[in-house]
Amino acid sequence: MAANIPPPAVMKLSGDWSTNWDTFRGEWEDYALATGLLEKDDEVVAATLRTIMGTECRHVYKHNLNLTAAQQGNATAILDALEHYFKPAKNVIYERYVFGCCKQEDGESIDSFVTRLREKAATCDYGALRDELIRDKLVLGITDEGTRRRLLRERDLTLVLAVETCRAAELTDIRVRSMELERQHMDNVNATFRQPVRKFPFATAKANTTANSAADNPNTCRYCGISHGRGKEYCPAYGKICKSCGTANHFARVCMKSKRKEGKVHSIETNTDEGNNSTEDVYASECIGAVRAKGQKWFVTLLLNNKPQQCQLDSGATCNVMSLRDKRRLAPRDKLTQSSTKLKLYSGQFMTSLGLFVTECVLRGQKHTLEFEIVEASQQPLLSGSTCERLGLINFTIPADLNIVDNVQAGPLSKETLLSKYHDVFNAPVESVPGEVHFELDAAIQPVQCAPRNVPVAMKAATKAQLDKYEADGHMISVTEPTDWISNMVIVKKPDKLRICIDPKHLNRALRRSHYIMPTLEDVLYKLPKARVFTLVDARDAFLQCKLDEPSSYMTTFWTPWGRKRWLKLPFGVSVAPEVYQRKQHELLMGLSGVEPIADDILVVGCGDSDEEAECDHDAKLLALMVRCRQVKLRLSIKKLQFKVPEVRFHGHILSSTGLKADPEKVKAVLEMPHPSDVKAVQRFVGFVTYLAKFLPRLSEVCEPLRRLMDKDTIWHWLPKHDAAVREIKQLVTQTPVLRYYDVSKPVTIQSDSSQYGLGCCLMQEGQPVAFASRALTPTEQNYAQIEKECLSIVFACQRFHHYLYGRDNITAETDHKPLIAIFSKPLLNAPKRLQSMLLALQNYNLKVVYKPGPEMYVSDTLSRATASGTHTRSMHERHAVCSLQTEQVDVEHINQADYLNVTDQRLIQIRQHTDRDEQLQALRSVILMGWPDCKEETALAVRDYWPVKEELSVQNGVIFKGQRVVIPRSLRPEMLARVHSSHIGGEACYRQARDTLYWPGMQSEIKDYVSKCTICNEYATEQQRETMMSHELPMRPWQIVSLDLFQHSGKDFLLVVDHYSDFWEIDLLPDLSAETTIKRCKAQFARYGQPDRVISDNGPQFSGVEFRKFAADWEFEHVTSSPRHPKANGKAESAVKIAKNLCKKALREGKDAWKAILQWRNTPTEGMDSSPAQRLMARRLKAALPVASTLLEPCVVTDVTEATSQKTGLQVHL
């Protein structure tokens, strides 16, 4: 086969030498490899190269290259010398100049231009910037200005995206121009022409005109009438105006409009007899005569009679049609079968078929029989709709719902009609919307696998039922394979349901956010002119409608008492979930006019000059939304449906039929603030005013009467002027410029605080308030611990300002309660249950909680202490708010810590009674409710032991909890110790059992002390384990540390020397046990392998005498002896002796040579390591009885022995 491979083309010395040389050398190297030339002598290869390179190149080789005789016989040397000649040192500056001058030429395609840019850039040494500079030159060098503008609008434009965009624009331009051309010339595909022929009323005229000549001659252009290259750029008629008909892109001599009459082919009929016209078969035409075709046409090339033929697909035709000219070309000798079919025109006239032509078609490797009606026409063959469907070219699908006649309701759309017609959208089970969600991880963060946590016995049944329901609904699945990430499960019990969440605190740190921002007021307003009617719908279980891809699903793996499970849908608690769902909802509802997906809500707006017009517009848009939801399987909630409401809140404004107005809710907290009732209240109010004075200088003047009330020795008196000052201050504070407009591009800060009776918060940007909010605490909330009140104020702020905060990157939350900072940094499971529910509600926001001293929290502190009295009621605007969150305060109030504990009601009552009588716990309860001091030294001595866990302490129903554990009063601790140790298990086991539900300071030590004094446990206690012995230092090189030991086998004495680095040992027969003989054998081993740094032995007389000490000093090694009566201290030697004895015993038992067994052991790789003792000591394998390749016996140094030994023995080595 090598002889059939043609040689490469000769080296051309015209044009670009560098490019020509690269082409020639590449073809030569492929040729030499394919023909096996490289396996022959160098002289043969060089001679072949000189033969193939060509006359011009050989001339350069002879006269321009100074090669030695040896180089002339080496093909590689010749190629390198020629390359140096043809590719001289390049001038990078000039190459970059050439690259910078590149522009797309007229008629040059995008692919050709990009290829030329790549070729020019290859010589410019741009390095890593190569693709970026090619991208820039592509944008600047293309001729299409519209495409350039589109590319400049892209933010993250890459070279790949730029090329794809340019290709798409180029292809679109070609198609548009092609469509324009087809509109100008006659549509020959589906039309025939009338001619005064008696037998055929509709046939092609055969006059010797230029037009007909051009049509009959396949090499003649039908637009200009002459022969030229293929393509419109070669046609002289392209862009010219016809003098006959006035249209473009053809000459008058080939104009069809002036030469032919129009005719319409509408149907075909089969004649049952000569004089009868029936309409058995109907052939529908798309267009007529020379009238322009507006529709797109589809063609397919088929093998008819083993010849390629392009056919047009016509779904409206009921039979196949072919011109007589095409039939003669395909099968000139085949005769036509008589046919009684007639073609019927739109005018009612008929055209008789010349006959029936039966042929075979090959498509996708299969044969099909086709029948064509033959007519005299100059059109391409037509395939009928049934033929297209039979060949698999077209699939006809008629949706079932199109056959159902809807009962159109007269009048406006009602809520009942909507819910009935789209029952599946509101009531069908939650499914997955199209597409999958993928999580991106920060590679620098290591995966975390949390330890499993127990579930309270009282909650296990309900938890198992909820998990089974999630699995049955397809939301999660069990996991058996290993996973990198494992989170803990968090259970939130609500009055009507149980919510299963995960605590992905570690996972959230590793997830990379996609930063998809919320739409602003400006983004929405221009789309809503004349808005009058509004409907709000909300996605049901929104996150559970988004399916995770498999890698992301495994990241959500979490522990349960019944094994690990992973979410198949987007779980609640993942930091990226809100913005992921926001992007998904925008993608699903893209293109719907008047439908604005905002966060997890969907706003439908009806616009019009009148209410009736707006309602009609609203109904059409709402129905379009319902159809889209049904298509993408987006399920909506009936409970949160707000149907045709007159106004809605959005970004601090109210959209209503009367227009846009400010939202009174954002200043309601200030306007309803009660007047000060004492000096301290005045001080707080004036501090609030002073903070805002920089935005309104006149504020200080108005505030002057109030300042006088704070003068020293002034008697409290409240006069009408003070009332007027407060009212005027409220009006000034709640108006611009004090209250700034919200800016989505600037950072956001929420400032929140709680007092004994209320919550206050303020949304701020650049230190200036955007909105205020406050509310009074319910009687239940007033009994919360101070840390719970402070956390509740943050929850209240986030929920009240949800439409400002949802989906933002970073939100700063300021608090004056320092213990709250620590609770946000700890795992969710460490928090008390009430705080857990609050923290879960805050998972929707990317919060950064920072500490700010109380005196600097002017606004929120004043609002929290001056809340309006009475219960808080939701206004109409809150109920109809875009992006509103249902407040969690009712759910938080219903949380009962006892539901999560394995403690009976009677035991809880007992604990409450003893807590009431415990002075220390009473003081602790007061501190928890009132708040902890800022430092430990200011804490009362009675409760200072609880300072390390202050963030986890809470009070409910008179019982103190530490996280999910009960704080036991001192009087009940002896009873609890007895109960914990009732089964007489060990101290550690007792503590593990108690720590799930019980807590008091020093509990672990008290349990161990109690167990140690148990007489029954001491009576049956096992023997105390011996202390673990210290390990020897690991050596860094062979024969650095060795151990010695004497042993006896078969009545003979032996000396064993083992190396700590390699585990290689040597044994010597001892004629006697004297120190002198032992030292001689040691010298022989040390002379063979080198002097060690340290020698370890037991305290035998051979090693403890003066002779061995002198030997150690002479040979300069450190002698270390093991502890008396502890042979395990010399464990390395003891282990080696055991191995040696076993090898000798087994060899003796089988009657084999023991030295061969020792050789085989020395050559065997050690377990847990990839090398044998011989390899580690001698850096080579030993030749033994087993066959081995000679290359394996070559020397090879083994590295990382110390690290491998450390991992094997479990030691921590510090190098």
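Which strands does helix 21 (residues 611–632) lie across? Helix 21 lies across strand 14, strand 18, strand 19 (601–607) and strand 20, and runs at about 145° to strand 19. Axes here are lines fitted to C-alpha atoms, for helices over the stretch in contact, with angles from 0 to 180 degrees between N-to-C directions; contact means heavy atoms within 4.5 Å.

## Ground rules

This is a predicted model, so to speak: local features need pLDDT of at least 70, side-chain atom pairs count only at pLDDT 80 or more, and totals for chains, interfaces and linings use all residues. Residues are numbered from 1 along each chain as its sequence is written, and side-chain values use heavy atoms, with hydrogens and water left out.

## The whole protein

The protein has 47 helices and 37 strands. Both are DSSP runs numbered from the N terminus: helices are H or I with at least four residues, strands are E with at least two. Of the 1215 residues, 47% count as buried, where buried means under 20% relative accessible area, exposed means over 50%, and partly exposed falls in between (1.4 Å probe, protein chains only).

The protein exposes about 63500 Å², and carbon and sulfur atoms supply 51% of that; the areas come from the Shrake-Rupley method with a 1.4 Å probe, and for residues only the protein chains shown count as cover. Among contacts with a separation of 6 or more, 67% come from residues 24 or more positions apart.

Four of them form an open antiparallel sheet in the order 18-19-14-20, with two strands counted as paired if DSSP finds at least two bridges between them. Strand 18 (595–598) and strand 20 (642–645) stand at the edges with a single partner strand each, so one side of each has no neighbour in the sheet. Neighbouring strands are turned by 15° against each other on average, direction ignored.

Strand 14 (residues 531–538) and strand 20 run antiparallel and are joined by two bridges. Phenylalanine 534 stands opposite valine 645 in strand 20.

On the pairing side, strand 2 meets strand 3 (residues 307–313) in the antiparallel sense over six bridges, with glutamine 309 as the bridge partner of leucine 302. The two strands form a hairpin with two residues between them, and asparagine 305 in the turn has a positive phi of about 55°. Strand 2 also pairs with strand 7 (residues 355–363), antiparallel over two bridges, and there leucine 303 stands opposite valine 362.

## A mixed sheet

Strands 29-30-31-32, in that order, form an open sheet of mixed pairing. Strand 31 (residues 965–967) and strand 32 are parallel over two bridges, and valine 966 has leucine 998 as its bridge partner.

## Rings and charges

A search of the whole structure finds 21 aromatic pairs. Rings of Phe, Tyr and Trp (its six-membered ring) pair if their centres lie within 6.5 Å; planes under 30 degrees apart count as stacked, over 60 as edge-to-face and the rest as tilted. Phenylalanine 1108 and phenylalanine 1117 are an edge-to-face pair, 6.3 Å centre to centre with 65° between the planes.
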